[in-house]
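Hi there,

Here is the structure I promised to pass on. Have a look at it first, and then read on for what turned up.

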Amino acid sequence: MNEIKNHPVIIIDGSLYLYSSYYGFREFQHTSGQSCGAIYGMLKMIDNIFKKYKHSEKFIIVFDSPQKTFRKKLFKEYKKNRMSMPNALCMQIQPLFRILKKIGIKVLTIPGIEADDIIGSLAYKLENIGEKILIISHDKDMLQLVTKNINIFNKKDNRIITPEIIKEKYGIAPKEFIDLLALVGDVSDNIPGIPKIGIKTALFLLNNFSNIVNIYNNIEKIQFLPLRNAKNIAIELKNNKKTAFLSYELAKIKLNISIDINLNEMIIKKYCSKNTFRVFHEYISSF
């Protein structure tokens, strides 16, 4: 397995772990009743990453923007299944940012841009100047970003995701994961996909045609493939062509967002485990 091992730039999917930290430590409160579980969980996660990758010195955490994004403008139902951010979590964001700044960890958010697009654009920008990148995330959307120089550390599974891992599991290249999501949809983001097409059918189609453009260029051949309900699948694809390409645009992570940041800004100068939790205790002591 050809995974990245030489001091990569570490990019954390901050919004993803902010929510998982909040729900993971939901009952974590100061004696005053002030919720601080999301902050504690994020700092604990950061500390664990630094212990695992102690030789990496370039580090950044990326968060979503609260403003309306292009996907919401493109499809008003995008992420409609998501509940609004709980007030107890919202109140912890700015204190978290202040703590991260105090311990020397760079935070990046761009108005109107989702964290995925910032992460993708930043990772490819860094790859183009010769850096190795490790994205900390378990969001399946991120799989499309994987290259030999951009790997993903999935904390849930405690493993590194490489192009070889994706090929072994799905039989497709990382970039074809956009096409997979376009076909099957994504409930968490409310990306519609094609009705009645599940992951096995989608992978069969992609293994034969590589991407949705080629699928539609060969639409008349699909009914003759050795695929269960092939004729009905061809009909569903024909009836939902517009939805397929809309889903593709929603699933595709942008790689061309302008990001005004340099490597020096990502270098950790102050970080250490003891300092991190000292700052955290200073924060909760101020209640």
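**Pockets, a cavity and some helices**

Helix α6 is the biggest contributor to the lining of the second largest pocket, giving 4 residues. Before I go further, please keep in mind that this is a predicted model.

To stay with that second largest pocket for a moment: it holds about 220 Å³ of space. Its lining is made up of 15 residues, and those closest to the centre are L143, N154, I161, K169 and Y170. Besides α6 (163-170), the strands β5 (150-154) and β6 (159-161) each put at least two residues into this lining. Sorted by class, the lining of the second largest pocket comes out as 7 nonpolar, 3 polar and 5 charged residues.

Now for the largest pocket, which has a volume of about 1,200 Å³. There are 35 residues around it, and S15, Y19, D64, K79 and R82 are the closest to its centre. Which helix gives the most to this lining? That would be α1, with 6 residues. If you want to find the pocket by its helices, look at α1 (14-24), α4 (87-102) and α5 (115-128), each of which supplies at least two lining residues. The class count for the lining of the largest pocket is 14 nonpolar, 8 polar and 13 charged.

How many cavities of 30 Å³ or more does a search of the whole structure find? The search finds 1. The largest cavity has a volume of about 50 Å³. Its lining consists of R71, Y78, E114, D116, D141, D189, I191, L250, A251 and I253. By class, that lining has 5 nonpolar and 5 charged residues, with no polar ones.

With helix α11 (residues 241-251), α7 packs at an angle of about 130°, and the two axes are 8 Å apart.

I235 sits in helix α10 (residues 230-239). Going by C-alpha atoms, I235 is 38 Å from Y124 in space, and 111 residues separate the two in sequence.

Q34, on the other hand, belongs to the loop between α1 and α2 (37-52). Q34 has a relative accessibility of 23% and counts as partly exposed, because the buried class takes in values under 20%. From Q34 to M45 is 11 residues along the sequence and 21 Å in space, C-alpha to C-alpha.

Cheers

Definitions and conventions: Residues are numbered from 1 along each chain as its sequence is written. This is a predicted model: local features need pLDDT of at least 70, side-chain atom pairs count only at pLDDT 80 or more; totals for chains, interfaces and linings use all residues. Side-chain values use heavy atoms; hydrogens and water are left out. On a 1 Å grid over the protein atoms alone, a cavity is a set of points where a 1.4 Å probe fits but cannot get out, and a pocket is an open set with protein on both sides within 12 Å along at least five of seven lines; lining residues have an atom within 4 Å of a point. Grid points are joined across faces, edges and corners, and a volume is the space filled by probe spheres set on the points. Ala, Val, Leu, Ile, Met, Phe, Trp, Tyr, Cys and Pro count as nonpolar, Asp, Glu, Lys and Arg as charged, and the others, Gly among them, as polar. Axes are lines fitted to C-alpha atoms, for helices over the stretch in contact, and angles run from 0 to 180 degrees between N-to-C directions. Buried means under 20% relative accessible area, exposed over 50%, partly exposed in between (1.4 Å probe, protein chains only).
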